[in-house]
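Please take a look at the structure below. A short walk through some of its parts follows.

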Amino acid sequence: MKQISLQGILFDDKSSFLKGPALAPPLIRQAYHSDSANYYAEDGKFIAPETFDDKGDFTIDSYFDIEKITWTNLEKETPLISFGGDHSITFPVIKAFHSLYGKMDILHIDAHSDLYSNFDGDPYSHACPFYNIMNEGLVENLYQVGIRTLNDGQRENAAKFGVQINEMKDFEEFSMPKFNNPLYLSVDMDALDPAFAPGVSHHESGGLSTRQLIHLIQDISVPLIGADIVEYNPTRDIHDMTAMVSAKLFKEIAAKMI
Ligand code: MN
Ligand code: MN
C-alpha cells in the first residue's frame with residue numbers, strides 16, 4: 001500500500017562551494033535497493049518499495065519550480081519525502097507544505113544553520129533557506145541540531161526569529177522538543193561527522209555519528225508530515241558509503257511515517 005510519497009529534486013544550482021548534489025536522488029534510491037541490505041527499519045517495520053508512491057526525479061529549470069512540483073506531488077494525509085539536491089530546495093518545498101498545512105514546526109539537522117539572508121550575493125543560496133522560511137513566517141517553531149559553524153550574523157538572525165539551536169558542542173544536553181504543530185524533518189547529510197558521511201560538499205568535522213542521528217530520528221514521537229534528505233554529494237563519496245547512510249536514514253524516517 002502506498003503510504004508515503006517520494007520525489008527527487010535534481011538541483012544544485014544554489015550550492016556555494018561544489019556541485020554534485022543534483023546527482024544524488026537516483027543514487028539514494030539505488031542504495032535503498034542494494035542487495036547488501038534489506039528493507040527493514042530498526043523498529044521492525046518493513047519499508048517495502050510498495051510503501052512509496054514514487055513521483056520520480058525532477059529536473060529544475062527555475063528555482064521556484066520546486067514549489068510547483070512539490071505542490072503537485074503533495075497530498076494531505078500522505079507524508080512526502082524529498083531527496084535533494086542542495087539545501088536550497090527546502091525553502092520552496094516548505095512553501096508548498098505551508099500552503100497545505102499552515103502552521104508547522106521544523107526539526108533541522110545540519111552542521112550549518114543556513115540562516116544567511118544572502119550568501120555570495122544570492123538570497124536563495126543553500127546557505128539561506130531557513131532565513132527565508134522564518135522571514136516569510138512559514139513555520140512557527142524551528143529547532144536546529146548538529147550546528148557547529150555559527151557566526152555573528154547567523155546568531156543575530158537566530159535570535160531575531162527565535163530559532164532554537166542546540167549547538168553540537170552542547171549536544172549532550174539535547175532533548176527532543178515538544179512539538180506543537182505538524183512536524184517536518186530536514187536532514188542535511190553534513191550534520192554527520194565526515195568520517196561517517198564523506199560524500200558531502202562541506203566537510204565540517206566534529207559532527208554527529210550515524211548512530212546519534214538515527215537515535216534522533218527514532219526519538220521523534222509525533223507524526224511527520226514531510227522530510228528531506230539533502231546535500232549528499234556523490235562526487236565526494238567513497239565506496240557509496242554516504243549513499244548507504246542516506247538510504248538507512250531514509251528507511252528510519254519512513255518508519256516514522258507509517
Ligand atoms: Mn544545510
Ligand atoms: Mn550543512
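**The metal site**

The manganese ion (ligand 2) is held by protein donors at 2.2 to 2.5 Å: Asp-110 (OD), His-112 (ND1), Asp-188 (OD), Asp-190 (OD) and Asp-190 (OD). Donors are N, O and S atoms within 2.8 Å of the metal (3.2 Å for Na, K and Ca); water is not among the atoms, so sites may look incomplete. Along the chain, the donors of this ion (ligand 2) follow the spacing D-x1-H-x75-D-x1-D. The manganese ion (ligand 1) lies 3.3 Å from the manganese ion (ligand 2), and Asp-110 coordinates both.

This is a predicted model: local features need pLDDT of at least 70, side-chain atom pairs count only at pLDDT 80 or more, and totals for chains, interfaces and linings use all residues. Residues are numbered from 1 along each chain as its sequence is written, chains are lettered from A and ligands numbered from 1 in the order in which they are written, and side-chain values use heavy atoms, leaving out hydrogens and water.

Are Asp-188 and Asp-190 buried or exposed? Asp-188 is buried, with a relative accessible area of 2%. Asp-190 is buried too, at 2% relative accessibility. Buried means under 20% relative accessible area, exposed over 50%, partly exposed in between (1.4 Å probe, protein chains only).

Now to helix H1 (residues 24-32). Its buried residues are Ala-24, Pro-25, Ile-28, Arg-29, Ala-31 and Tyr-32. Seen down the axis of H1, they fall within an arc of 160 degrees (taken from the directions from the helix axis to the C-beta atoms), so they line one face of the helix. Helices (H or I, at least four residues) and strands (E, at least two) are DSSP runs, numbered from the N terminus.
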